[in-house]
Amino acid sequence: MQAIEHVAGKAIPFGRKNVDTDVVIPAHWLKTITREGLGQGAFEAVKKEPGNVFTDPAYAGAPILIAGDNFGCGSSREHAAWALLDMGITCVIAPSFSDIFSGNAFKNGILTVALPQAAIDRLMEVAVDHPIDIDLDTQTVTTPFQDRFTFEIDPFRKHCLLNGLDEVGLTMAQGDAIAKHEAKARTALPFLMKTPTTVN
Amino acid sequence: MTQNPRTLYQKIWDAHVVDQRDDGTCLIYIDRHLVHEVTSPQAFEGLRVAGRTVRRPDLTLAVPDHNLPTTARKDAAGHVLPIADRESATQLAALRQNAPEFGIRYIDATDVEQGIVHVVGPEQGFSLPGATIVCGDSHTSCHGGIGALAFGIGTSEVEHVLATQTLLLKQSKTLEVRVEGTLGAGVTAKDVVLHIIGTIGTAGGTGHVIEFRGNVFEEMSIEGRLTVCNMSIEGGARAGLIAPDETTFAYVKGRPYAPTGEDWDKALAWWKSLATDDGATFDKSVFIRAEDIQPTVTWGTSPEDTSAIGGLVPAPEDFADASKRDAVKVSLDYMGLTPGTRLTDVEVQNVFIGSCTNSRIEDIRAAAEVLKGRHKADNVKWAIVVPGSGLVKAQAEAEGLDKIIVAAGLEWREPGCSACLAMNPDKVPPGERCASTSNRNFTGRQGPGARTHLMSPAMAAAAAVTGRLTDVRDLTAPADLEPA
Ligand code: SF4
């Protein structure tokens, strides 16, 4: 996973609320068996709207997306995160995110930044012509006009994003604790620890 | 040591904590993992690339559902028919190959046990009360109907669970949704949950796990409880729960994966201890009177856009919130609806009875009850009934329900997700309307440009008969209708 310290550059001023993952990547793009190439299908329906920000050459290759409340609601498809990554987006800024989407984004090395609506409104204005700068270490979003917004992030997520750590590997290192739980459950709640396909 | 009163959620959570970090993140043990073809290929790919194995293949079950065509799977001679869509075929083939390669039991498309994961889990007794259950599909919340803590995960998490049998989670807040009173005739579990979502909104449960409480749920069948918990996610909650009780135990007992003998006794004792303690507190509570719930349909493109069937298509100005007004405008435009139109005047060209929300035997029975001795309207061009599993299909056929359905002019299909998300060939044509028993009315969900109205199986069957949205109570003498 790619480490993230700093995301700076153009931001796509999308701003729409309740963007569900069907909008981010429609279901007919889910039929892949690898992670690459999904950027093409990202925001497919929005791209057909006249004057949309996704086909506007001004924002081509922008690493930041600004959206409205409840971004990433709906289906749990992680393809939404892969599609954003494939578009080159590594940071999404919105007033709030669906739990599933923010988890998926994190696991794929996308930073989600939650800011109050007033800050979003300001960033939407700035993004039209100017770059935005996100610093994960200091947890701040800044603009060329001295705007400065701080955001909260879970310390563990911050640590993993800053160091590009892979979550599966981190948990596998806790194999002993997992085995201990299994041993305890085998006595206390044995029915949870086996199925007809369990060997011995 | 006396324990503080705890909620059902808290008790299940406590029993599964492997480790807790300082920031409150917990490593939670996962008891059951359901795998399907859409969200697993990249997870298996990840394991393979890293040279990792599946920690507990015995607690994992793989079954294809999302992509499968619902037409015949074998020809007259018994040969398996190929799948025309190349991408679907590739995903299905990947699961068929990955599951055995990693030692996981795989149910094939041609096996009678095959079905939608969320129908198969409870039906096989693979999903158990008090268990933590995950699947790479957001409607995993469904299994909360048997008292399991169940939620959807993304592919990275699928990979994490395959490799470690655990997940990193933060405890959610708790939301109590209490429904008490007597449900009116014709009001089903689906109407209850649509009404709840209409009340709390699609963000009402964000960050929370919902516990559905009150006599309405206590008196509900397991099928009904699965329907309610299924749509918790549409209320913004990752999971929904209903305390396991005698109805649950009777349902689980004797199923292929259910515990037996001494294990059963131990299980029963523990399950009985799981109900929320008196005095336990919830972060939020919502109370709804059962008498206020009518047969309900959606008119917009968000599951919170609900109305009693007797109502009118609303106008954007009816909403106080400015952003909701804009959303309503967009959604009415997409839906091709004019404010003030009576919902019962809205014509439908398609009917879909199926999905993990409403494809269990009770749902098929409810639809057949309405269809019996009737025929679909001429303006309804496409109407399909898709059972949730091969076992539901067999049961329905044993009861002769398939004959009623076919005689009414509807098609009786093979099990799978079908037109719920239209990844297979079952799609609603652009601009056409569908009375659907599924869970999402999002833009394009049932096919590009498709217009979805969510409702119960009985209401969808009624719509098939009249060719428009219909109050099922107008079709059936009220005395014949049992609240479900
Ligand atoms: S029926 Fe629909 S909601 Fe249920 S698992 Fe299939 S696609 Fe998901």
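The ligand takes up the space of the largest cavity. This is a predicted model, in which local features need pLDDT of at least 70 and side-chain atom pairs count only at pLDDT 80 or more, while totals for chains, interfaces and linings use all residues. Residues are numbered from 1 along each chain as written, chains are lettered from A and ligands numbered from 1 in written order, and side-chain values use heavy atoms, without hydrogens and water.

Visitor: How many cavities of 30 Å³ or more does a search of the whole structure find?
Guide: A cavity is a set of points on a 1 Å grid over the protein atoms alone where a 1.4 Å probe fits but cannot get out. Points are joined across faces, edges and corners, and volume is the space filled by probe spheres set on them. With the 30 Å³ threshold, the count is 1.

Visitor: What is the volume of the largest cavity, and which residues are closest to its centre?
Guide: The volume is about 220 Å³. The lining has 24 residues, each with an atom within 4 Å of a grid point. Closest to the centre are A:Ser75, B:His66, B:Asp137, B:Leu421 and B:Arg445.

Visitor: How many charged residues does the lining of the largest cavity have?
Guide: That lining has 8 nonpolar and 11 polar residues. The charged residues number 5.

Visitor: Which helix gives the most to the lining of the second largest pocket?
Guide: A pocket is an open set with protein on both sides within 12 Å along at least five of seven lines. This one holds about 510 Å³ and is lined by 20 residues. Helices (DSSP runs of H or I, at least four residues; strands are E, at least two; both numbered from the N terminus) from chains A and B each supply at least two residues, among them H3 (99-107) of chain A and H5 (155-164) of chain B. The most, 5 residues, comes from H2(B).

Visitor: What do the buried residues of H2(B) pack against?
Guide: The buried residues are B:Pro41, B:Gln42, B:Ala43, B:Phe44, B:Gly46 and B:Leu47. Just after the helix, B:Gly51 takes a positive phi of about 65°. The buried residues pack against H2 of chain A together with strand E3 (32-35), helix H3 (86-101) and H5 of chain B.

Visitor: Is A:Asn108 buried or exposed?
Guide: A:Asn108 sits in the loop between H3 and strand E5 (111-114) of chain A. Its contacts (heavy atoms within 4.5 Å) beyond four places in sequence include A:Met1, A:Trp82 and B:Ser156. Buried means under 20% relative accessible area, exposed over 50%, partly exposed in between (1.4 Å probe, protein chains only). At 11%, A:Asn108 is therefore buried.

Visitor: Why does B:Gly181 count as partly exposed?
Guide: B:Gly181 lies in the loop between strand E9 (173-180) and helix H6 (189-200) of chain B. B:Gly181 touches B:Asn215, B:Val216, B:Ala290 and B:Glu291, leaving out residues up to four places away in sequence. B:Gly181 counts as partly exposed because its relative accessibility is 23%.

Conventions
A molecule sits in a cavity or pocket if more than half of its atoms lie within 2 Å of its grid points. Ala, Val, Leu, Ile, Met, Phe, Trp, Tyr, Cys and Pro count as nonpolar, Asp, Glu, Lys and Arg as charged, and the others, Gly among them, as polar.
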